[in-house]
Amino acid sequence: MHQPAPPRRDHPTRTHLRTALELVEVGMPVLPLRKGKVPFGNCRTCTGRPPACGGRPNMKTPGPCQCPAVCHAWAAATTDLTVITSPAWAPAWRQAVAVAYHPGGAGVTVVDLDNPRAVAWARQTLPPTRTVPTTRGEHWIYRGTMPSANQVRPGVDIKSRMSYARWLGPGTGPLTDLPSAVRALVDREETTPARGAVVSSSPTRAEWDRAVATGCRHTERYVRTGLQRGLAMVRSHTESGAGSQAFGVARFLAAQHAKCPGPCGLDAIGRQIVAAAVSVGVPEAYAERAVTNGLNGLGAAA
């Protein structure tokens, strides 16, 4: 992976578009990030029922689509200069707060270490490679691609074939081939059965109802308001981040019921969180595991 020199911070006229064009020159598929440092998501046409794109909002594969505007979150990343500089993309660049790239499209995998403890674990466990400092931790970049996955261990996400990474500079150190130790993190995640069987894989979207929460000490309005806010938070994220957000929402909502005698209907709440995560591209099996772990993490009544 040949990366350009870091953008000059002392250049007042530099724009995110200019940075993106420099990255494209070395073969890195790019996209703009909006406020919150997340992708722009799907265009209005593709959020319709049915979506005009025939299902691309699920973001199973990257690549160009027929939408002229920035669409399909991370999967919109491209090296096509005609698209990147098009009038349809211009509003996104004007609103952009950062530039992202698609690691899988650049032929690399990013191990996103979100805190000092995760960085310490990587230094003890993984072979050295190119590193990029982040706000809270580091990105370790390896040559080679693999499936993406969130929360493969505390504070560690894998960003590669179905994800995006924020451009924070070229980093330091030589690029190392993707080691088996990193691949094993996702393999382990894929084969670990969900604990507690809290979330059903049934396609039926059961909704929380007071009738199934006979042991809950909260009012119906309190529960529904918290749940709807949590679902909105999950839906506001893309595939890269929605799984972690689903885990966080499940853990937070479970904590609200930790002192209830139960039952509180957390199984129905869990199914709604899973459905929200799946709706923005998170694989169902991963969403189920994330939500189950979130609900079980605090030992709340089910």
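Which residues line the largest cavity? The lining consists of Tyr101, Val132, His139, Ile141, Arg166, Trp167, Leu168 and Gly169. A cavity here is a set of points, on a 1 Å grid over the protein atoms alone, where a 1.4 Å probe fits but cannot get out, and lining residues have an atom within 4 Å of a point.

The model is predicted, so that local features need pLDDT of at least 70 and side-chain atom pairs count only at pLDDT 80 or more, while totals for chains, interfaces and linings use all residues. Residues are numbered from 1 along each chain as its sequence is written, and side-chain values use heavy atoms, with hydrogens and water left out.

**Cavity**

A search of the whole structure finds 1 cavity of 30 Å³ or more, and the largest cavity holds about 30 Å³ of space, where a volume is the space filled by probe spheres set on the points, and grid points are joined across faces, edges and corners. By class, its lining has 5 nonpolar, 2 polar and 1 charged residues; Ala, Val, Leu, Ile, Met, Phe, Trp, Tyr, Cys and Pro count as nonpolar, Asp, Glu, Lys and Arg as charged, and the others, Gly among them, as polar.

**Nonpolar cores**

The largest nonpolar core has 26 residues, and those with the most contacts inside it are Val234, Ile269, Ile273 and Val291. At least two residues of this core come from each of α6 (220–235), α7 (239–256), α8 (266–279) and α9 (284–296). A second, separate core of 22 residues includes Val24, Met28, Ile84 and Trp89. Such a core is a set of buried Ala, Val, Leu, Ile, Met, Phe, Trp, Tyr and Cys residues joined through side-chain atoms within 4.5 Å, and buried means under 20% relative accessible area, exposed over 50%, and partly exposed in between (1.4 Å probe, protein chains only). Leaving aside residues up to four places away in sequence, Ile273 touches Leu227, Leu231, Val234, Ala246, Val249, Ala250, Leu253 and Val291, contact meaning heavy atoms within 4.5 Å.

**Strands and their pairing**

Helices (H or I, at least four residues) and strands (E, at least two) are DSSP runs, numbered from the N terminus, and two strands pair if DSSP finds at least two bridges between them. An open sheet of 3 strands has the order β1-β2-β8 with antiparallel pairing, and its edge strands, β1 and β8 (165–166), each pair on one side only. Three further details of strand pairing are tabulated below.

| Strands | Sense | Bridges |
|---|---|---|
| β1 and β2 (98–101) | antiparallel | 4 bridges |
| β3 (108–113) and β7 | antiparallel | 4 bridges |
| β6 and β7 | antiparallel | 2 bridges |

Among the individual pairs, Leu33 has Ala98 in β2 as its bridge partner, Val110 stands opposite Lys159 in β7, and Arg153 is partnered by Val156 in β7. β6 and β7 form a hairpin with 2 residues between them, and Gly155 in the turn has a positive phi of about 75°. From strand β7 (156–159), Val156 and Ile158 point one way and Asp157 and Lys159 the other way, and all are buried.

Although Lys37 is not a glycine, its phi is positive, at about 60°; Lys37 is found in the loop between β1 (30–33) and α2 (81–84) and is partly exposed, with a relative accessible area of 40%. Gln151, also not a glycine, has a positive phi of about 55°, lies in strand β6 (149–153), and is partly exposed with a relative accessible area of 33%.

How values were computed
1 Å grid on protein atoms, 1.4 Å probe; cavity = no way out; pocket = protein on both sides within 12 Å on 5 of 7 lines; lining within 4 Å.
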